[in-house]
Amino acid sequence: MTSHRLTRQQGEVIDRARTIAFTWNGRNVTAHPGDTIVSALAAAGERVFSRSFKYHRPRGLLTASYHDPGTILQVDDEPNVRAAHRLATPGIAVSSQNTWPSLKLDVKAVNQVVGRFLAPGFYYKTFIQPERLWPVYEKVLARFAHAGRISGNAPHLQSHKRFAHPDVLVAGGGPAGITAALAAARAGARVMLVEEEHQLGGHLRWGGSAELARLAELRAAVAAEPGIEVLFDSAVLGRYDGNWIAVVEREHGHERLVKARAGTLVVAPGLIERPYVFAGNDLPGVMLSTAARRLINLYAVRPGDRAVVLTANADGDAVVADLRRAGVDVARIVDARRGEDVVRAHGRGRLRAVELADGRRIEADLLVTATGWTAPTALVNQAGDRPVYVPRAARFVPGRDLPESVLVAGGLAGDGSLDELCGHADAVGGEAARRALAHRARKLSVLPTRTGPAPEPAQRDASPIAALPLDEHPELFRGRTHGIVDFSEDVSSADIFTAAKEGYDSVELLKRYTTATMGPAQGKLETVNTVEVLAEATGSTIAETGTTTWRPVHVPVTLGALAGRISEPVRRSPMQAAHERLGARPLVAGQWIRPDHYGDPVAEARAVRESVGIIDVTPIGKLDLRGPDVAQLLNLLYVNKWSKLAVGRVRYGVMCAEDGVVFDDGVTGRLGEDHYLMSTTSSGAAAVWEWVENWLQTERPQWKVHVTPLTTAYASINVAGPRSRELVGRLVEDVDLAEDAFGYMNVRTGRLAGVDGCVLWRIGFTGELSYELHVPAGYGLHVWEALLEHGADLGVRPFGVEAQRILRLEKGHFIVGQDTDGLTRAFSAGLDWAVKLDKDDFAGRPELVWQEKSGGGPRLVGLQPVDGSVVPPEASQIVIDERIVGRVTSSRMSPTLRRSVCLAQLDAPLAVPGTEVTVLLPDGRRVPARVTEHHAHVDPEGNRLRGTSDEPVGPVRETGTATLRSPLEAPTRAVGSAAPCEATVTDLSHLTKVHVRAPHGGAVGAALGIAFGRAVRDEHGALVVGSGPGEWLVLAEPTDVGAAERVAAKVDVPDEFVSVVDLTHGRAMLRIAGPRAADVLAKVCAIDLSDDVTPDGAALRTSIAKVVTDLVRTDLARTDLPGERGFVLHCERSSGQYLLDALLDAGEEFGIQFDSRSDDGALPE
Amino acid sequence: MIELPCPWCGPRGVSEFRYVGEGATRPDPATATPQEWRAYLYLHENARGWVRENWYHTAGCRRFFKLERETESNETRAAT
Ligand SMILES: [Zn+2]
């Protein structure tokens, strides 16, 4: 194969000094760095790269760009690579796809012969009936689909997405885009310039000396402008509401999604050259003028030996000069402006001759066409604009409906000389910056994170932008013969005529019926020709026919890029490490990892009934409620009464939504006069908190109640079983456990295993004597281990969620969401005893009043199959004949009763003890079951949970010094990066954290010296953070022992409702610092962390890696490093390890390192 | 993703918020008829044009607030 490589070209992008080798269908090919795969193959004389989609016709190079439909190839394990765009790299194995068995001998090419059967709508017409053959059709169709091979071993390339906040985003790095970007940056805007190709410059790159000199100037100016970030080999995928712009950044097939929130978008994609429709227009050797010019000027490849040029414009004229310089014999110039035309390309497998309108036939292996341009209006369409067809210019142009935030430059805006286009783009860039900076100033003026007044934007008036003219261009779409319109989908102009005749005369219908514009090129090459041919077929005009809608995404993007890194938050209990050591089988419930069981749930349940067991119930929601109006609030939220709950007492409560449906349940204890601790279900914790806030903020703002979630501030352990009192008695120091001192449904606080501030509840979900211990979370593991150690002789064993489910079902306790559903109102849950309709008002009361009156709805009942060995699966139906009258909501084999027990929802008339019903099992068997007297199958009288034992309590054992543990352990993922360390993470979880609530803008805020949105250091070096409206967090070193008292004294302001809660154990806290700290965060955080939006001292709450996280910017003034940026982050303790792992993952490319404990400057000055 | 103007935090991506509902007023539970109560619970205007809505800033200040939104264009502005 002879080389088609030319001598050095002025603007070539290849590095001739070096060569690289790769393979093409198994053969060796050499290339130079800078070559695309296809330019290297073309230089080696290759002309055919693929077979077409439907007819399997050989296809060559058409556009020599990303959108080239015939050069989509397989590269190693990666299918569908745009090989006229992808750079050649050493060692890759490139092969053609959609060919079988080989490119040269393609069996499916038989479709060319039977082409008449593949008429438009072929798939719809053929593969419809009979339905039973659909699986067969699918297999047939799959053989003919585009697509290469995906290897099961292909690595998962899931990059982090990143968030960006440019003032101006310029889509397109041609001369207009570059000029607009420069103008915007010089006006003070932060600019992101997105270029699809590997170099800036657009068509200047294949121009002559003048263009190349101009290009060099523009590139130098961009390089010298720090306000411009250039993304090469990247594409804007779509523009969404709020100027939310999706960009894909590529690097050798590895893709990363950039989510940009741009002030303004400048759309400068240039124009796409349009193919001409005539017979044989898809033969290899027929190409666009821009393709020939790219090959010659960028890659120094001679595109053929003997050429015919069909030209209708200056670019067509310019290609003649290029071809001649490249040594191509230009046999004939066919000038469409003089009415000359090409009617047919002849050849088998490649072009041999061109037939002209005058009947002459010219031998040639290259036919270059320059018949006009398509304006890619996708991004302006997505901004709401409808393009307008201008016949004089033979193209669609943007209409006049662009929003303020979108501007247009370059060929999309109009025509002109290079100077005129750049002059226009300069004005556009300046105006884009003006609008973006005004937008930015408005945003800054409302941010609480800033100090002082927002910077005044330069009050420049809108600069008038003189519209660009549109040059005349002949309307050339289809010639005198029929040819291919959609090269990706193999749709011909004859197909469109046929479809129009069949009635598909609207362009949107035609598109779906013929699949024209629906292939990989997505209309960029073929939309206007499709519209024109349809207009021709229906006897209308292009303007009347209209165009199809250009939807996102603009170019294909991998699913890996869209998915990004998998970051599903998981929450861990402080005892998780112990569960793993004990061999717990994990269960993910909500976001929590919980022990399902430790090997034998039945034995675990027996241990609880016979001796004692301990279960980690940390996920139970816990809300600290303070204030004089808490009892009123509880009366409003719960269906039962709360006014008379005494200090030290606990009560069970049920919450309903306003539709009367059971929404959550739990116990609430009164710890002090105005101080309560509410527990919620694990899954309901977040919703209940929001529900409480909703009532307090919107319906009862006059009530004085402060709510603080403490779910993970405490490690919660339920100690259950007849010997639980003995076990707890060995660890508790200052709480009298005697039945008459600490009875059922009471709460005490005390010191447990050397840990102060523990809350003990005597409650009994399992139906046994039990104590629920809430331990400051950092000591949770210590207490857990102490319980196991000191209960060994009692036979203590840990039990998991499954054993708890068995035990609670034996006891007949329902679970919201398991035994109730989204329609279960309180009376249907068997809560008649709890609902107090004599209260004036509570959430859901009206519906419950009406439910009580009507008596409607099903009832929750205890149910036992008559044959106790049958355990009906949950959700089994209860039927009378064929009528469904209920369902089994929970079922287990009871280890205590050695028979099956259930809870069921049953129609009210049947919900009578002793009624026999029929349960329909999934296998079709019908088994009888009987409604029981109580929900409780075991101990309905409740003797066990009040059980008193004669065993002596105490004495208190020595448990050693309590070890405080951080929620941040060593990273769970190995951090192995060769990159230099540009970011570090330091664990700050040990800091004292004091949470203050008081009126926003009141005396407490003044005393603390800071308002919402900012952080400041107090006179002792503690960091005082304005963490919310009327909410502060004070962070102090543990060595600052007086910090909590100091804060309490400071906020002791008369006449203001204030509460102070210790959150030291409730938050995982870290600091990320270093020159790239903000770049690490930009991958997982949508907030603009630049100096003006988030200056030093800014405090905000947002979502980081999908976890609600507080962020405080605390820069570190250091002598050895210039102004190191740093951010203190804190989140719920249970999410801390996940957040740390996510940051370490995001920071890998910056060599991020983790310090488990800082020695100095934990709270940087 | 559109931005919502949180009156406390400034503009933030809508994914930080939870939509609470149209700005309906809770009827007096003592006197409301089932029709009134259920209209409050279930019937929504879903109007085209500018509407007032309640939102909750879940991943931010955790304040409930009202805003105005143009339901066709998704433009938003602070409630007046
Ligand atoms: Zn907010």
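Reader: Which residue of chain A does the side chain of R26(B) meet in a salt bridge?

Author: In this predicted model, the side chain of R26(B) meets that of D841(A), with 2.9 Å from N to O. The pair counts as a salt bridge because a side-chain nitrogen of Lys or Arg has to lie within 4 Å of a carboxyl oxygen of Asp or Glu. Across the interface of chain B and chain A, the rule finds five salt bridges, and there are also 14 residue pairs in polar contact.

Reader: Which element gives the largest share of the side of chain B that touches chain A?

Author: That element is α1(B), which supplies six residues, while the elements that give two or more residues to this side are β2 (10–13), β3 (18–22) and α1 (34–42) of chain B.

Reader: How is the area buried between chain B and chain A to be read?

Author: The size of an interface is often given as the accessible area lost when the parts come together. Here about 3000 Å² is buried between the two chains, and carbon and sulfur atoms give 52% of that area. The contact involves 32 residues of chain B and 37 residues of chain A. On the side of chain B, R26(B), R62(B) and F64(B) lose the most area to chain A, together 22% of what that side buries.

Key
Residues numbered from 1 in each chain as written. Chains lettered and ligands numbered in written order. Predicted model: local features only at pLDDT ≥ 70, side-chain atom pairs only at ≥ 80, totals over all residues. Heavy atoms only, no water. Contact = heavy atoms within 4.5 Å. Buried area = accessible area lost by both parts, 1.4 Å probe. Polar contact = N/O pair within 3.5 Å; in protein donor to acceptor, adjacent residues only side chain to side chain. Helix = DSSP H or I, 4+ residues; strand = E, 2+ residues; numbered from the N terminus.
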